[in-house]
Amino acid sequence: AAPAARPSSGASTAATTLLDRWTVRLGELVLEQGDVRIDASVVDAKGSEPRRETIVLDQLDLRIADLTTDGVRIDGSRAASGGDIDLKARLVGSGRLGVTGTIDPFQRPIVADIVLTIDDAPLPPTNPIAGRYVGWNIERGRLSTRIPTTVHEGQVKGTLDFTLDGVQLAGRSGHQDAPGLPLDFALAIMRDSNDQVRGTIPFTGDATSPNFSLGGLIVQVILNFVGKVATAPFQLLASAFAGAENTDLSAIAFAPGSATLEGDGLKVVDLLVKALEERPSLELGVVGRLDREADGRAIRARMLREAAQQRTRNSTAALRSFDAAQERWAVKLLWRETMPEGEEIPDPEPPYEAIEQAMLARMPLSDAMLEELAAKRAEAVVAAILGARIAESRISIVPATDDPAAADGSPPAAQAGLV
């Protein structure tokens, strides 16, 4: 290392760091067959005595090359973009840990393009970490993950791609700072027929923050993911299917006034069937919903058309077809025949559109009819899922505990929920 150029007279002496005053050029650093042991205490439940667990990294090989503070290697050539890092180690006896890529820790903010991998690492020895940051101890299971991460101009971008294999929880940890996350619920939703939980989570961060750490960012990403499972489980289920990432699997759409599955509603049911097939612990309850305005209009229109057909049959003994002209004739006839008492038929007659609206208002629509429609929608969804050979014990109709009408103005639908 050699002295660097002195800072300008306007620079603050207090702000000057060691790296401002010295040039550092590292050609190569090699560590072979190293060991790292992390001893920590685990509390299984509140009030219980802590026990010791050890996280061991051994067979650790590390190579760092071409790290410089001025972008110039020891041989005088220009360094491209930070130094190379290549770390390999055995993790807690049988798993593998790796870090590869480039990093420039001397820049402020740091610059990096790295990939962290963990392959088939046993999880119980990580209980000191899991208990503190997730709030649960782990009885058994293994983790594999790949986390490509870039840090450029202070912005962190990466993806957490993970697989949990055969994970069983030992219960909530007794750590006083642990979050109260429903990890058991999250695992039940995400676990597939191979007893695996898979996920891909993109993340971003700000490396210029005084409290920034990549490990802390990843922990927060995991906590947010578990929280999302609890608050928006159907959005998460949809993300497992290509092309369905933005589909709301909790809402099975129906045409106004209809309880027949078709179009988008049928596609959602197909995705729910796949989710149930791939996640044997998943159970669904279905509530029929309705839109009083849209469904009411559609039911009244159907009732009017049926009344017009019947009126035409009454006038024509052998009715073989019923076209638009016949319908208009019958609606006008019914309008005259059902004129409220005390009202006279206007002369001249109003336009057909006004007559039709008057007749629609006379159709006797009741709350019971709307509630029956909502019930039939739930029945249609359950029948379709059972028809795909899903066990009857895993899908059920749940009575609405509130007004079955959609409160947010969403389209007519049946609503799926986890039970």
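This is a predicted model: local features need pLDDT of at least 70, side-chain atom pairs count only at pLDDT 80 or more; totals for chains, interfaces and linings use all residues.
Strand β8 covers residues 136–152, and strand β7, residues 111–122, pairs with β8 in the antiparallel sense over nine bridges. Along that pairing, leucine 116 sits opposite isoleucine 147 in β8. β8 also pairs with strand β9 (residues 155–172), again antiparallel, this time over 13 bridges. Have a look at the turn, too: the hairpin of β8 and β9 has two residues between the strands, and glutamate 153 there takes a positive phi near 50°.

Now for the largest pocket, which holds about 1,300 Å³ of space. It's lined by 47 residues, and the ones closest to its centre are Ile118, Ile129, Leu143, Ile218 and Ile222. Helix α4 (residues 214–231) gives the largest share of the lining, with nine residues.

On to the packing. In soluble globular proteins, nonpolar side chains tend to be buried together. Here the largest nonpolar core has 77 residues, and Ile252 and Val381 touch the most other members. Leaving aside residues up to four places away in sequence, valine 381 touches Ile252, Phe254, Leu261, Val269, Val286 and Ala414. There's also a second, separate core, made of 19 residues, with Met303, Phe322, Trp335 and Met339 among them.

Methods:
Residues are numbered from 1 along each chain as its sequence is written. Side-chain values use heavy atoms; hydrogens and water are left out. On a 1 Å grid over the protein atoms alone, a cavity is a set of points where a 1.4 Å probe fits but cannot get out, and a pocket is an open set with protein on both sides within 12 Å along at least five of seven lines; lining residues have an atom within 4 Å of a point. Grid points are joined across faces, edges and corners, and a volume is the space filled by probe spheres set on the points. Helices (H or I, at least four residues) and strands (E, at least two) are DSSP runs, numbered from the N terminus. A nonpolar core is a set of buried Ala, Val, Leu, Ile, Met, Phe, Trp, Tyr and Cys residues joined through side-chain atoms within 4.5 Å. Buried means under 20% relative accessible area, exposed over 50%, partly exposed in between (1.4 Å probe, protein chains only). Contact means heavy atoms within 4.5 Å. Two strands pair if DSSP finds at least two bridges between them.
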